[in-house]
2 protein chains.
Amino acid sequence: MNKKNLELGKKPSAIRELFEFCNQKKKELGEGKVFDFSIGNPNIPTSKFVTDILTNLLINEDPVKLHGYTSAPGDMDVRNKVASYLNETYNAKLDGNLIFMTCGAAAGLAICFNALLEKDDEVIVYAPYFPEYKVFVEAAHGKLVALDSDNDLLPDLKLLEKSINEKTRLLIINSPNNPSGMFYDEKMIIALSNILKKKEIEYCHPIYLLSDEPYRELLYVNEKYPFVTNYYDDSLVCYSFSKSLSLPGERIGYIAINPQCDDAQDVFYSVAGAARSLGYISAPSLFQYMVKDVLDDKKELEKHYQFVREGYKTNRDLLYKSLTGIGYELIYPYGAFYIYMKALEKDEEHFSEIAKEYNLLIVPSTSFGSKGYVRLCYAVKKETILNSVEAFKKLYKRYQK
Amino acid sequence: MNKKNLELGKKPSAIRELFEFCNQKKKELGEGKVFDFSIGNPNIPTSKFVTDILTNLLINEDPVKLHGYTSAPGDMDVRNKVASYLNETYNAKLDGNLIFMTCGAAAGLAICFNALLEKDDEVIVYAPYFPEYKVFVEAAHGKLVALDSDNDLLPDLKLLEKSINEKTRLLIINSPNNPSGMFYDEKMIIALSNILKKKEIEYCHPIYLLSDEPYRELLYVNEKYPFVTNYYDDSLVCYSFSKSLSLPGERIGYIAINPQCDDAQDVFYSVAGAARSLGYISAPSLFQYMVKDVLDDKKELEKHYQFVREGYKTNRDLLYKSLTGIGYELIYPYGAFYIYMKALEKDEEHFSEIAKEYNLLIVPSTSFGSKGYVRLCYAVKKETILNSVEAFKKLYKRYQK
């Protein structure tokens, strides 16, 4: 047996473990008694707009085409639609030929690392970060180098400059951020790009900027989203419709390669080769065609995004107010659907274990490569937040003794 | 960039290349002028039974559950249903806890190789074989050892005995076979098992039997399908609903681990670890739930299988008769939807290039690790077969000069 994968399989991620624990607890105590802030499973249902598109496809499309193999990178019309949507929305200059449809962002990330990394190449990320980055990078035989963020959980730029070396192949960014809810504005993207450009010249090879943006539309400040391909040539975007359309189980997303990228066509080939070698034949076809129809109706889509944003923003405000009201210290989140909260003791894993006694399921920051925090996902029912306040109060009191 | 994946991406599989060439040709000449026997894309549409299940789920299920994350190995009810269906149908003794839902059989295979192989471990397969085996095994840092079949394209058992060594970790079988249409009956499964059992004792470690069976239901002889877990303890099954339900684009299948397997629980953990490291979060949820409902209605399902079998059998008989009538030499196929035909010259790649001049798209056997044949997929419209006869005649005549 493969020892590395056996070990990985024996120790599921802390988040997945909480997810399973939670399902068990809910069966024991009943749905309403467990306050599950663990996994990022969107609780706002996908809209009728999306369901109607899916049922229409099923009823009206030729099933041989609808459920048949597409080209490995995806149906060409779908890929062209993704490119033109992004070009219209972000004033980007993408090309359908360099869009690769994937089984969600996780697949996209795993594919990109396998496409771009040679053995022992380094990938830089700021902590806290999505834990699977490390799993995927290491499976691709690369090395994840985690840098500390500054006190506001934004990139420490000087540290980036110092940390890039001959082996650095990639910087991953994830804005709005899971787990912190942080957002990188245009100034930040420009600052990061400038450092990478300088270092590319210094080391005479491309250093890719990989933007993982499943939460792109879940932004609660009135700022435009700085689309990385507009600022930095050697850039790629991994996207998923999991969060924005509330379809996390369906596994649909894409990789967008910047046409300005050094050897863009080879990057695409390498992505295709990596996808093939990992067993990804193509992204699910019904959901590929859904993507085209969804992006075709920008008005309905924007209505859906607004509805979703309002819902999560209400939850964020409620949870933020409730917890700061009790006395907890939080990082103010600008997007995504997570709040990063200071643990009430040094050992955040122990803190999250104690929280379980109050049926509060929260993820310790160790999972995200940082210390002293817990992550709360607020993509939950409003009642979950309201009903959890007493439990959070009790947990707080326990630490005041 | 990763050199191996770049090379792999630059050279798409011959089948995929023909697929793209064909789409191009169809645009140029019109649908009816191209005789596409290349890719194994089922041409019989999925039945109303399946479409109704999908639309019902979309209309009646809670979308948060329907499209939400399932557990990584799949929804427990779905997994239990798969196990009980297989137990009832094949008198097997499977357990839902050892079923792992996957994004099709390709994902299942890639996951199994990554789960079971350490670097340089050997995987044995009989040629001709599905070309992606080699890609997946090598991506998992293993080595694919291809053995010649006997003249009937059935396993040469003596050769297997000689070829197993200390490094052998796995034997893959694929019955009914892509590309030959061969079927392994119960006697063959017992014979293979006996050799593996003997060798396990000799080498003191498990040698897994991995049965890749996407064509299980497409069998045109009146024999029962010998389900491997009934014959050999250290066995796993990779299955896909792509061919049996005509849903190849949707990527839904499973891995079934034999509970009698040595360290079955560890095999499962390793499968889970491999799936995670390759970026497979879970199989598409809508299609997982569809699987449950499909398997729940065995009567309708069997009706669908019968309909599909009759359709492909008619095509097989028509194509077989037409080609032998012209003078071609064929291997008689018992299942799947492929005919393996002797090329009319030594160089089967050149032969398939010449065939293109007659707008006949057929896959050279080099792709399947064997020499001197071409593969014809007969999952095509009846008219494609009828209209292609003239072209096959011309091709045949060309070689008689």
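## Exercises on a sheet and a helix in chain B

In this predicted model, B:I124 has B:L171 of β5(B) as its bridge partner.

**Exercise 1.** In which sense do β3(B) and β5(B) pair, and over how many bridges?

*Solution.* Start with the general rule. Strands of a sheet pair through backbone hydrogen bonds, either parallel or antiparallel. Now apply the rule here. β3(B) and β5(B) pair in the parallel sense, over 4 bridges.

**Exercise 2.** Which strands of chain B stand at the edges of the sheet?

*Solution.* Write down the strand order. The 7 strands run β2-β8-β7-β6-β5-β3-β4 in an open sheet of mixed pairing. Next, look for strands with a single partner. These are β2 (99–102) and β4 (143–147) of chain B, so each has one side without a neighbour in the sheet. Neighbouring strands are turned by 20 degrees against each other on average, direction ignored.

**Exercise 3.** Why do the buried residues of α9(B) line one face of the helix?

*Solution.* Find the helix. α9 of chain B covers residues 186–203 and has 18 residues. List buried residues, meaning those under 20% relative accessible area. Among them are B:M188, B:I189, B:L192, B:I195 and B:L196. Then look down the axis. The buried residues of α9(B) fall within an arc of 165 degrees, so they line one face. Check the other side: B:K187 and B:I201 are exposed there. Last, ask what covers the buried residues. The cover includes β3 (122–126), α8 (157–163), β5 (168–173) and β6 (208–212) of chain B.

**Exercise 4.** Which strands does helix α7 (residues 132–139) of chain B lie across?

*Solution.* α7 lies across β3, β4, β5 and β6 of chain B. Now take the angle. α7 runs at about 150 degrees to β4(B).

Definitions and conventions:
Residues numbered from 1 in each chain as written. Chains lettered and ligands numbered in written order. Predicted model: local features only at pLDDT ≥ 70, side-chain atom pairs only at ≥ 80, totals over all residues. Heavy atoms only, no water. Helix = DSSP H or I, 4+ residues; strand = E, 2+ residues; numbered from the N terminus. Expected span 1.5 Å × (residues − 1). Buried < 20%, exposed > 50% of the residue type's maximum accessible area, 1.4 Å probe, protein only. Arc of directions from axis to C-beta. Contact = heavy atoms within 4.5 Å. Pairing = 2+ DSSP bridges. Axes fitted to C-alpha atoms, helices over the stretch in contact; angles between N-to-C directions.
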